[in-house]
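Have the model open beside you as you read.

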Amino acid sequence: MLLIRTRVAPSRIHGLGLFTVHAVPAGTPVWRLVPGFDRVYRAAEVAAWPAPAREFVEWFGYRRAEDGAWVLSGDHACFMNHAVPPNTGTPPGQPGALVTVALRDLAAGEELTCDYFAFDAEAARKLGRPAPPAV
C-alpha cells in the first residue's frame, strides 16, 4: 500500500510511471505490504489461472524469492519503474520488501523508482537482463 500521495503519468523510463504529488523527505515510508489490501498468492494458485489472469499478476506483481509467492499491490504501486540507483528502497538492516522508504529527498512531481533485483525473483525476466554482480 502506498503511504504517500502519488499519481500515474507517462514515464521517460518505461510506459507509465508513478510520481510524487508532494515533496518527500529522505527516510519517509513510501510503501508497505498490507495483507488484505495487497494480495499474496501461492505460486501454484497463480499457475492454475487462465493465461490472461496469470500474465497480469506476473507483469504487475512481484515474486518473492523466499517462497515463490506472488505479491500484487492493491494500488498504483505496480507502476513504479526500475532504476539504478533507485530513489526508494528497503531501509538498511530490514530484511525483505515489507516497507520501502525514500532513499533521498524527493521533489514534488519526481518519478518514484525501485531496484527490481532487490525484491523480485522475476526481475531478470521482466527487464530482459541478468542481475548485476553482487557488491
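## Residues in loops

Setting aside neighbours within four places in sequence, Arg-64 is in contact (heavy atoms within 4.5 Å) with Leu-33, Val-40, Ala-69, Val-71, Phe-119 and Ala-121. The model is a predicted one, in which local features need pLDDT of at least 70 and side-chain atom pairs count only at pLDDT 80 or more, while totals for chains, interfaces and linings use all residues. Residues are numbered from 1 along each chain as its sequence is written, and side-chain values use heavy atoms, with hydrogens and water left out.

Arg-64 sits in the loop between strand S5 (62-63) and strand S6 (70-72); helices (H or I, at least four residues) and strands (E, at least two) are DSSP runs, numbered from the N terminus. Its relative accessible area is 18%, so Arg-64 is buried; buried means under 20% relative accessible area, exposed over 50%, and partly exposed in between (1.4 Å probe, protein chains only).

Val-24, in the loop between strand S2 (16-20) and strand S3 (29-32), is buried, with a relative accessible area of 5%. Leaving aside neighbours within four places in sequence, Val-24 is in contact with Ile-4, Ala-102, Arg-104, Asp-105 and Leu-106. His-14 belongs to the loop between strand S1 (6-10) and S2, and at 48% relative accessibility it counts as partly exposed. With the neighbours within four places again left out, His-14 is in contact with Trp-59 and Asn-81.

Here are C-alpha separations for these three residues.

| Pair | Apart in sequence | C-alpha to C-alpha |
|---|---|---|
| Arg-64 and Ala-26 | 38 residues | 26 Å |
| Val-24 and Leu-103 | 79 residues | 9.9 Å |
| His-14 and Met-80 | 66 residues | 9.7 Å |

Look also at Pro-85, in the loop between S7 and strand S8 (88-89). The peptide bond that leads from Val-84 to Pro-85 is cis, with omega near -5°.

## Cores and cysteines

In soluble globular proteins, nonpolar side chains tend to be buried together. A nonpolar core here is a set of buried Ala, Val, Leu, Ile, Met, Phe, Trp, Tyr and Cys residues joined through side-chain atoms within 4.5 Å. Which residues have the most contacts inside the largest nonpolar core? They are Leu-18, Trp-31 and Leu-112, in a core of 18 residues. A second, separate core has five residues, among them Tyr-41, Val-46, Trp-70 and Leu-72.

With a disulfide taken as a pair of cysteine sulfur atoms within 2.5 Å, the count comes to zero. Cys-78 is in no disulfide, and the nearest cysteine sulfur, that of Cys-114, is 11 Å away. Cys-78 counts as partly exposed at 23% relative accessibility, whereas Cys-114 is buried at 9%.

## The largest pocket

On a 1 Å grid over the protein atoms alone, a pocket is an open set of points where a 1.4 Å probe fits, with protein on both sides within 12 Å along at least five of seven lines; lining residues have an atom within 4 Å of a point. The largest pocket holds about 620 Å³ of space, a volume being the space filled by probe spheres set on the points. Of its 27 lining residues, Ala-77, Cys-78, Met-80, Asn-81 and Tyr-116 lie nearest the centre. Helix H2 (51-60), strand S7 (81-82) and helix H3 (123-127) each supply at least two residues of this lining.
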